[in-house]
Each structure stands twice: as C-alpha cells, then as structure tokens.
Amino acid sequence: MRSDVDILVIGGGHAGTEAAAVAARMGVRVALVNFDKATIGAMSCNPAIGGLGKGHLVREVDAFDGLIARAADDAAIHYRMLNASKGAAVQGPRIQADRALFKASIQRQLAALPNLTIVEGEAAALRFAPDNVQRVVGVDLADGSSIGCSAVILATGTFLGGKLFRGEERLEGGRIGESSALKLADQIRGSGLPMARLKTGTPPRLDGRTINWAQLDVQPSDDGSWTMSPFTGRRHIPQLFCAVSRTNSETHDIIRSGLDRSPLFGGDIAGQGPRYCPSIEDKIFRFGDRDGHQVFLEPEALDSFLIYPNGISTSLPTDIQMAMVRSMAGLEQCEIVVPGYAVEYDHIDPRALDSSLAVRGIEGLYCAGQINGTTGYEEAASQGLIAGIGAASRFLGREMPALDRSNSYLAVMVDDLILQGVTEPYRMLTARAEYRLRLRADNASTRLTPLALQSRCVGEERTLWFNQRLWEKQALEADFARDFSADQLLRHGLDVKRDAGRMSLYEWLRFPSVTVRDLLAVSRETTWDGDETLLDELEQDGRYAPYIERQENEIRDIAANEKVLLPEWIDYRSIAGLSNEMVERLDAARPENLAAAARVRGVTPAALVAIMVHAKRAQQIRDVAA
Amino acid sequence: MRATDTIFALSSGAPPAAIAVMRISGSNAFCAAEALAGRVPESRRASLALLRDAAGMELDRALVLVFPGPNSATGEDLVELHLHGGRAVVRAVSAALAAFPGLRPAEAGEFTRRAFLNGRMDLNEAEGLADLLSAETEWQRRAAGAMMGGAFSRRIEQWRQEVLVLSALTEAELDFSDEGDVETQNNHKISEGCKKLHDAIRTLVEAPGVEKLRDGLRVVLGGPPNSGKSTLLNALVARDAAIVSDIAGTTRDVIEVPVSIGGMAFLFLDTAGLRDASDDRIEAIGIERTRAAMESADILLWLGEEGTGPDRPHLVEIEAKADDPAHQRKGSRAVKVSAKTEEGLAELVATLTDTAKELLPPPDQYATNARQRDLLAQCVTALAQAASAEDWLITAEHLRQSRLVLDALTGRAHTEDLLDTLFGRFCVGK
C-alpha cells in the first residue's frame, strides 16, 4: 500500500470535492483521486451555479461550510435572482461563473485543508477485505499502486462507462478530451449492484467575437448585493451581461432535416434524458407547434471569448449544428469552437443506498453525484456533502445530522433518490419539497448551520460569523415579540386597519402592507446596524407564519411514523395485501421507517397499515427468539 | 401487536335463534377447528361435525366451514361454526374456544379491521360495510352498497387527479416560468379550475348525508293546540304513538316516531301546539322544543291557519279534520285529510314520499357520512383559498392541503385514530 487514509474519494468534480472537503473538515484523513490534478473542480457543462431549487441546495451546502457557494462568489460574473417577483420561498439565486476562477477557487479551498491529499491517477478497482467481500478496504490505481482506506466514495460522474455521441461519431469518455473509467465500471457492473443508463447533453460552444451583440436583448447582472454564500459578504468580480436569442421556424426546419442522423432518434442512445433540460432536437420533436425557444447566451469567463448557448444542447452532426446556430438572430456569422454532443453513462439505482448514501450491504462504499442518476452541479455537490458526512460520521462513530424533508432540500433529494429511484436524470425543483414555505434559500444558515456545528464540520471563521449572527437574530426576535396596537402603528404612518387590535410585531408581519423595516422603526426608533439579511429572513418568517404553523401537525404525524423502524430483513413478499408492484418497489428501496414507506409511490393506506402490523409482529418474534 | 392473536365471536344475532354462527379468525383458527371437530374439513365446504371441548365433552352437532387465508373475508385463516342457536350451546362453545391457547374473544369491529389491514377492503368500503350492516331500509341498503362498491373512492380519486393537474400547472409557474420555455399565464386556468372543482365538491358536501337515510327525514307536525296533529300522526303511523285527547296542550314534549314508508326512513315529530303566554312552565319548555323541532324539520306539515306557519322550504299546508263540518278551510294547494275517514291520507303519503325523493340521496348513489363531509368541507375551503390567493406559493400550498384532505378520505393520514373511530362502529363479530 502506497499510503493509508481513512476515506478515499474517487472523482474531483462537484460531488467528489465536497465529499473530500467535508470529511477533511470533520477531522479524518482523506485522499481525493482524480485523473488529472488540473481538472479538479471543473465545470463541465453550463457555466452557471444555482437556479430554482438548485440555489437552495447551494445555500444548504454552504450552511455546512461547503465549497460551492464560495467558489461561485469567487467566480461570479453575473448575478440573477430567479422568480424575484414571486414569494421568497421559491426565489432562486443563480450566478454565471468564470470557469477558470471557479476551478481555481475549489482547488484553493481544498489546498487549505491540512488532512486532505490529492492523488493524480486512475482508480482501477475497489479492493475488498480478504475475509469479507462485502467490505471495502482500499482502491487499486491503474499504475499498479494501492491505497488502503476504510471507506470509498464513488463520485465518478459520467465517467463510468461514459460514451459520447455526435451525429455519426462515437467516442469513449466522460467529457470531451478526457477518458472514461472503464475498468472501474466493469468491476462495479459485475458487483451485482442495480445499474442503468442515462444520457445528458451539452450545447456547442460559440466564439463570442463572431456574435452580433448589438442585435440582441441583453440581460445585465442584477443590481442587488446578495451573494451565493452569505458568508462572502460582498460581490468582488466585474460583472458581464448575458444576451437572449431565439430559435425560429428556419432553425426548426434545419433540426428536423438532421433528426435521422441524431443518435437520440436513431436509437443509438438507450438511456433516458432529462425532461426538464431536453436537447433542442427533443424540444422540436415534442413541442413542434412552438414557434421558437429562448436561447441564453452566457459568457464562460472574464478573459475568454467562449459563449455557452443555454437551451440548445444537442448531439446532431456538426454541419447541422452550424446551420442551426447561424439561423438565429445575432448568430448569423457565428463560429462554433467546440460542437455539442450527448453523453450516455452508467448510473446505479440509488434505491440501493441508505440515507447517508452508503451502498446497502457493502460496508464502506458510498456513491454521490451523477453516478446516482442526478443532473446538475448543485445536486452533485449536495450528495457529496451527504456522503462525506456519512462516511466520516461512521468512521468517527457519530450520528448523522438530523436532516429530514421538513428542514432541508438536501434531505428531500436524498429521500427521493433512495425511495423512488430515477427514471430520468434527477433535477431539484422547489415542487419536490412539500414544506418549501419553510425551506427558503435565505434561511439556510438558520435552518442548518446548528446541525452542521453539531457534526463539527464548520470551520472556525464561519462559526464565529454564525454565532454573531445568531446573537443579532435573538436580539431582533426579542424586539419583535413585543406587542403593539394598531393605533401605535398608525401613529408611525403604517397602513393598518384601526380595529386590527394589538399583537406582537412578529404577528403584524402577516399583513402584506407592513414591512419589517417599518416595524423596526416603530420598535427601536433607530436603524438596524446588524446583518441586513436577518431582516429579510424575519419578514418572510412572519409573512408565512400561519401556513408554517398549520404544517406543524402534519410534520408531527410524520415524525411519529418515523419512529416505527422497518428493519432491513423485512420480507415484503410475506405481507398479505401488498400488490406485486408494491412489493417490488418496497424491496428495491428498503425504506428505513414507516414514514418513508408511506412515501414510496403506489403504497396505499391499507398497505401501510399492513406493513406496520407486520413489522411490529416480526420484531416481537425476533425479540422472543433472541 | 395483538393482531397475531386468533379471535372468535358470535357473528349472528343474539340467541336464542335457529342458528348461531361463530367465527374464528387468525393463525390458530384451523387448530381450534381441529381440536373441536376432530379434523379440519375440506376448504369452503360445509361439513357436519360433532364438536367436543378439551375434556371430550360433547358440545353440539354443527356445520363447520373453513376458509384458508389470504382469500378469506378477513384475509386470515377463517372458520365458521354454524351451531344450534340456544344460549347454552353458544355459551359452552365460547367457553371451549376461550380456553384454547392463543384465542380470545374479538373486539367490536375486529373482523372487519383485519379485513382492512390485510388489504381486503379500503377505508371507504369498510365504512360502506358498516352502513350496510346497520341498514334498515331499502334506500339505506342501496346507498351503503354504492359506498362499499367503491364508487365514492373512485370519485375521490378522480378529484385527486384534478387537484394534481392544477398543482402541476401552479408548480410550472413556480419552477419553470423563469426559463422561458414553459407556457405560462396559466393564472386564469388555475383559478377557474379551482373554482370548478370547489363547486363540484361543495355540491356533494351540501347533498343529503347518509345520516338522513339512517335517521330518517324529519317530518314535523306543527300548528296551534288541538289542531289535530297527534290524531294525524297516529293515522299516518297506524298506531297510537302519541297521546290523543281534545284537551288543548296534551302533547307537552316532542314525540318522535320512526317509520319506513316506501323503503325510505322518516322520523315523525309531533309537537306541543304553539300558543303564546302559557303560565305552565313545563308547557313553555315544550313550546320552546317545538320551535327547535320546526327549525330542524326537513318537511313541516302545517295544521294551523293557512300562511301562518314558519318560513320553511318544505312546508305542506294540511287541512285537517276534513270530516268535521266545522273544520278550518284552506286553499286548493292544501292537502285535505281526515284521520277518521282516512280521506286524503294516501295523497299525503304520496306527497311525503315525493318530497323525500328530492331530499334523500338518490338510490344507488353513495351518500357521505359526517367524517367524509367534514374532510370534503376542508377541501372546499382550501380550494376557495387556492382560487383567490394572489401568491402562487400560497395557491400551491392550498392545493397541497386539498390533496392531503383527499388522501385522508381514503385513510392515508392519521391512520391509527381513524381506524379506531371507524372500527368502533362495528359490533362484535363483524
């Protein structure tokens, strides 16, 4: 063995880097293995971080002192709050990132972690204990060396059995110009884990110098002051603008003329692609009646002319791509620097994982990121965080932080993945979170940093920042607990009804005409010199308080069902009253408790009661036997 | 969990009777049958056997039927003993069963509860069964049959699908509208959809409930003292239910008489005559009750002066004592009745049954019970709020609430409480 570490992470993408970093922050010795040191932290697809649902994930990873939000701020050349006109719970912070700056920030953050080692090389095979083939003890590298460890986190993205498609061309690989992990894929395929294939795609990269920008509507960076990580404090990179072009009927005709040469339609790609982020040929095929689709032209870096045309991911042949691009306004003279392509890759059925993303039945093996059937940097980073905490907690003999669907998108995603599996690349949406009124991007620190502190994965600097913020928050809450009458508010010029009565300032926030800053003036008669984001957070808490309170009962009921544990060995086949379909789904997902079983699709109320009765009975029989 | 126990109970009516049916359900049911009858007879075939207790004493000569689970009524191994229906026989067999290890008497509704737990029926079907078992009239039986047959559950599922569609449209506004590739401006479509669904569900909430079928339509006889209310009631129910005399104010309390006419249940209420300024405190209380009864009337038979009755939707003017030449005359819309000569009684009964057909749930359709109406009413409220909310997030939240309520109707939420409430309605042996 060349070296010896506690946790070894394979893959230096968004999942792998978060996993390695959080484990290192928790104090265990970590090795991160990647083909090439230089590609660690690379953004392989669109140069943007955040968005609807995704922005929430970024903030949550950040609340655990993760890398992605700070790297995003270090690289942000364009800020935009999506859904800015809608309720705060569905607003999604999103930035355009300079690829080079992003990667550099990730590498810098990793380098600052003393117990993290980066290993350049190809992980060729997992090594199992000689006396127990269900326990991982290390990894063999392609150069013949080995690294011993007590847990491996697989974060190989699309590199597992990755295959690239562009028109009639075929290439092995996970990303253009990089090889795929074939040997490892063979071993994992042979291990009996349930596997399937998915596909994703990327658009051509354009030469910005050949775009007629004057002809296009531009979208400047917003003029707010928010940042991806509230810890960052302020924006510090020059801001660029994006522009919008649009496909038209000519574009659509060109695409149709090439459909027979598209691997997606020729049947060469069997894997299912994402409905939420379809290729342009998919869009034309499925929404043929639309007269056009928006194409966002996003700059890739401050010092690069590369432009990422968001909305036209494609695997059409290069000549068709060229004609398609040039049919759009502003792009008539445009040059393609790298044509788009589709990639088909192996993923494991995430229902084989538990809630720490450990593979059930194989000790010390974790999977995170695209390998679990998800799409997106944010989804990958979030899973990296969970798997990293999971592996480190297990190594250190600690509990996992108490994440659940009512406190985080992180848990919503993990729960969805391990219970429902995937039929298409999984992307986070706010609609997936039933308690989203309380899961806002703006309150991620308040929700999760206390849990992160318990898990001891927060650095000293952020701990100080958080404690200061908490102290300010408590002072503010004490202020807002005081009662004021409608008359008092009217005297301060607030727009309330005289007969509205007397209530705490916090309760007054339920009235949309009343803002937190108005009330602050009533209460303190001074300005707020603390953290500004705390004011917005309090205002939103107050606005939606009646709805959030109503959900409490629901969450309590679920908590009761979570206490009914469903042991790993339950034989669903032996429970009367379950359909074959239910047995199959329950068997694949192995829900950890009754509340989780209730969420497995197709499980009926009667079935749930039968499962509960059976579980209790089976446990009793076991207890008596033991 | 006690569901591992084997349970038994007398499933037929109280002895003495010609036959008494004893049911045994659970994993030890067949052992118990073997111990009593000396063998387990062929499945699903009635066979005659001599039952003996553990000491070998003869108990009864009975028909024994065995149904192996899971394809039995309870989903478990099930035995039926058709005994001679004497009290002593039933007592002796019960004692022998109770002495058998792992067997205990069933609690109320426990057989049905097991059927539900073992996936043999869903919650609404179980409620339908409870109603069917307590059905006394033909209309009640048909409505319970519709509930048990799953028609209601199918309707709920259909509404649930409609809410899901509305939710999906709302979520598209929230999650995709900023990406420029989703048809937005669904605003109108969503609020219209909520309103339409709201109206449909409200119609069911406001429709007569299953209680009306069971408890009967309330037909109140009202009018001044001595106007012939009690006499008419007696003629209608064909027995002396109310005390009749010609002293004004004889009926001091409200008398209730349940009657089934034409397969429909009615509850006739005879009231104290309405008159002002009574010195009699007891009679004053009676008059107060009369007012309350008239308030709650589904049909009011008014025997007082024409046009002086309370303002009720289904008021029938009655010209009573039609045989008495001195009786009070009314207009042509009034039903002329004589209790003595039975003149007009058939016409009055026809009027009652015609009105009842409007007021009762139509035959062969399910009618909702209080639990179902309460949940549906919550759904109606949530949909109204979803339709009027100006914040998409709140619309989505109300739609989610309505989905939860519809889930609760089929028993997804609050499972334990609901089961206890539901199965508490059954008697032992069902």
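**Salt bridges and annotated sites in a predicted model**

In chain A, the domain assignment gives domain 1 (3–159 + 193–201 + 345–454), domain 2 (460–560) and domain 3 (563–625), with bounds that come from an automatic or database domain assignment. The centres of domain 2 and domain 3 of chain A, taken over C-alpha atoms, are separated by 43 Å. The structure is a predicted model, in which local features need pLDDT of at least 70 and side-chain atom pairs count only at pLDDT 80 or more, while totals for chains, interfaces and linings use all residues. Residues are numbered from 1 along each chain as its sequence is written, chains are lettered from A and ligands numbered from 1 in the order in which they are written, and side-chain values use heavy atoms, with hydrogens and water left out.

A:Arg438 lies in the loop between helix 10 (409–420) and helix 11 (444–454) of chain A, and A:Glu552 in helix 16 (residues 532–562), so the pair ties together parts that are 114 residues apart in sequence. Helices (H or I, at least four residues) and strands (E, at least two) are DSSP runs, numbered from the N terminus. A:Arg438 is buried at a relative accessible area of 15%, whereas A:Glu552 is partly exposed at 33%; buried means under 20% relative accessible area, exposed over 50%, and partly exposed in between (1.4 Å probe, protein chains only).

A salt bridge also forms between A:Asp541 and A:Arg440, whose closest N and O atoms are 3.0 Å apart. Here too distant parts of the chain are linked, with A:Asp541 in helix 16 and A:Arg440 in the loop between helix 10 and helix 11 of chain A, 101 residues apart. A:Asp541 counts as buried at 17% relative accessibility, and A:Arg440 counts as buried at 0%.

Helix 16 of chain A also holds A:Glu537, whose side chain meets that of A:Arg469 in a salt bridge (2.9 Å, N to O). A:Arg469 belongs to helix 12 (residues 460–480) of chain A, 68 residues from A:Glu537. A:Glu537 has 2% relative accessibility and counts as buried; A:Arg469 is buried as well. Leaving aside residues up to four places away in sequence, A:Glu537 touches A:Arg440, A:Asp442, A:Asn443, A:Thr446, A:Arg469 and A:Lys473, where contact means heavy atoms within 4.5 Å. The C-alpha atoms of A:Glu537 and A:Asn443 are separated by 6.2 Å, although these residues are 94 residues apart along the chain.

Turning to chain B, the UniProt annotation "binding site" (unreviewed entry) covers B:Arg23, B:Glu80, B:Arg120 and B:Lys430; UniProt positions are given in the numbering used here, feature names are shortened, and annotations may be inferred rather than shown by experiment. B:Arg23 sits in strand 2 (residues 19–25) of chain B and is buried, with a relative accessible area of 15%. B:Arg120 is found in the loop between helix 3 (110–117) and helix 4 (123–133) of chain B, and counts as partly exposed at 40% relative accessibility.

How values were computed. Salt bridge = Lys/Arg side-chain N within 4 Å of Asp/Glu carboxyl O.
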